[in-house]
Amino acid sequence: SRAKANISSLQSFWIRNHYINEALFVISGDSVTRLTRREMLKTAVGAGLAPLILSGCGRSSADTPEQAGVVPWVPFPPRAVKQGGQIVFGYELYIGRVLSLGLTITGIQILRDGPTGTEIKTYEGAELAQCLFSKVIPFSAEEAIFKGGDYAVLLAWPSIDVSAPIPAALYHRVFFSNGAVISGGTASISTEATLISPPVKGWGWFANFGPSNLDTHHRKSITIMQMEDGPFKISISQRFATDWMKIDPSNMRLYSNEGETNEDFYCYGAEVLAVAAGTVRNALDGLPEGPPGTDRPVPMTSQNAFGNSVVIEFDDGRYGAYCHLKPGTVSVAANQRVTPGQVIGSLGNSGNSDCPHLHFHVCNSPEALFSEGLPFSYASYQLLGTYTDLFSPWTPSASPQTRTSEMPEINQVLAL
């Protein structure tokens with residue numbers, strides 16, 4: 001059976017301050033210690049760090065990567081999903097012992113099916129630098145949470161034409177500055193279902209920090225946690241998460257006035273909907289909200305970071321996490337059955353949130369923070385355009401586009 005997380009042990013993860021700030025916390029039991037905080041860019045594309053890898057202590061220039069046991073590894077295999085008219089695969093490639101050996105990666109090639117397969121994607125140059133991470137400050141190699149964590153990590157998001165056959169697996173080659181090449185890291189492709197209904201309905205829904213390899217908010221929210229049997233588990237529950245906000249046609253903005261109250265935001269209080277038939281596994285209500293852009297009204301822990309929230313187990317075995325709901329509006333309880341489109345609460349600003357929005361993601365476990373994020377798709381929606389300058393009025397595209405069986409992208413504005 002699946003090992004349960006030892007929540008009392010030291011755990012490290014990013015709890016992201018939505019929309020304005022990002023912060024790195026270390027969690028011990030129920031207490032949270034803030035280690036660093038910096039202002040994010042004032043656009044949907046924020047500035048982020050990778051919450052993950054320790055800096056290695058040793059160095060062995062005599063060994064080649066193969067001799068030293070450098071190993072490419074995909075801990076969670078990707079699931080194919082349609083996005084932007086293509087089939088995409090969002091996942092992570094870990095490359096072991098890169099830090100302690102002082103190796104420099106210059107390129108990573110992704111091949112179809114195996115070592116003789118055709119190339120799907122190569123990360124190199126500026127794109128590699130943007131997607132490859134190797135350590136985070138201020139953690140040190142001596143801290144127990146990082147045992148066995150000597151890895152570089154590629155955030156991968158390759159794509160193929162929608163008419164092309166989906167590969168059975170992805171295979172990797174890693175190129176180093178010393179001329180060495182290692183191969184492996186075979187990742188089997190899942191083609192399981194991704195279809196759900198939207199968690200909100202109506203015109204003008206903005207996919208803030210939506211699914212993309214360019215998202216510096218959810219995409220990099222890697223968690224590292226110790227299991228009861230000793231090993232450390234690495235996961236990204238928010239791999240395909242979205243922070244849903246709403247644009248109003250009266251002023252083409254996300255909020256009225258100066259956005260100083262929750263009620264100024266047009267999404268505040270919107271109905272939040274079950275996206276599939278299933279059973280409620282967790283339901284939390286009663287946590288307070290603060291005004292936008294202010295300190296949290298209660299100390300943040302791993303238990304309340306998502307605020308008033310609901311986790312539903314869908315009948316197909318996936319889970320949906322609905323977060324930051326308005327206090328007093330959660331209308332379902334644990335073990336209750338829900339149907340698609342059923343109202344389960346109202347959009348709010350509780351938990352680790354800087355302004356009203358619905359954080360929603362699909363994952364593989366009821367432990368919504370400590371799980372693996374799964375892609376999703378909607379049967380049909382209208383793409384109205386994209387929105388990047390959140391402090392200026394939005395300009396819609398000339399004509400809406402109908403998208404079918406697709407996962408939305410970062411910064412898109414939709415009619416759902």
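Reader: Hey, which residues form one aromatic cluster here?
Author: Phe376, Tyr378 and Tyr381 do. This is a predicted model, where local features need pLDDT of at least 70, side-chain atom pairs count only at pLDDT 80 or more, and totals for chains, interfaces and linings use all residues. Residues are numbered from 1 along each chain as its sequence is written, and side-chain values use heavy atoms, with hydrogens and water left out.

Reader: OK, and how many aromatic pairs does the structure hold?
Author: There are 8 aromatic pairs in the structure (Phe, Tyr or six-membered Trp rings with centres within 6.5 Å; stacked under 30 degrees between planes, edge-to-face over 60, tilted otherwise).

Reader: What does the pair of Trp157 and Phe240 look like?
Author: Trp157 and Phe240 are tilted, with 50 degrees between the planes and 5.4 Å centre to centre.

Reader: Where do Trp157 and Phe240 lie?
Author: Both lie in loops. Trp157 is between strand E11 (151-156) and strand E12 (159-161), while Phe240 is between strand E18 (232-235) and strand E19 (242-246), so their pairing ties together parts 83 residues apart in sequence. Strands are DSSP E runs of at least two residues, numbered from the N terminus.

Reader: Is Trp157 buried or exposed? And what about Phe240, buried or exposed?
Author: Trp157 counts as buried because its relative accessibility is 12%. Phe240 counts as buried too, at 3%. (Buried is under 20% relative accessible area with a 1.4 Å probe on protein chains only, exposed is over 50%, partly exposed is in between.)

Reader: Switching topic: which ring does the charged end of Lys121 sit over?
Author: The charged end of Lys121 sits over the ring of Tyr123, 5.0 Å from the ring centre (for Lys, NZ within 6 Å of the centre and within 35 degrees of the ring normal).

Reader: Now the largest nonpolar core. Which residues touch the most other members?
Author: Trp244 and Tyr322 touch the most others among the 79 residues of that core (buried Ala, Val, Leu, Ile, Met, Phe, Trp, Tyr and Cys joined through side-chain atoms within 4.5 Å).

Reader: Which strand gives the most to this core?
Author: That would be strand E28 (residues 377-386), with 4 residues.

Reader: Last one, where is the place of Pro356?
Author: Pro356 is in the loop between strand E25 (343-346) and strand E26 (358-363). With a relative accessible area of 0%, Pro356 is buried.

Reader: How far is Pro356 from Pro291, C-alpha to C-alpha?
Author: The C-alpha atoms of Pro356 and Pro291 are separated by 9.2 Å, and the two prolines are 65 residues apart along the chain.
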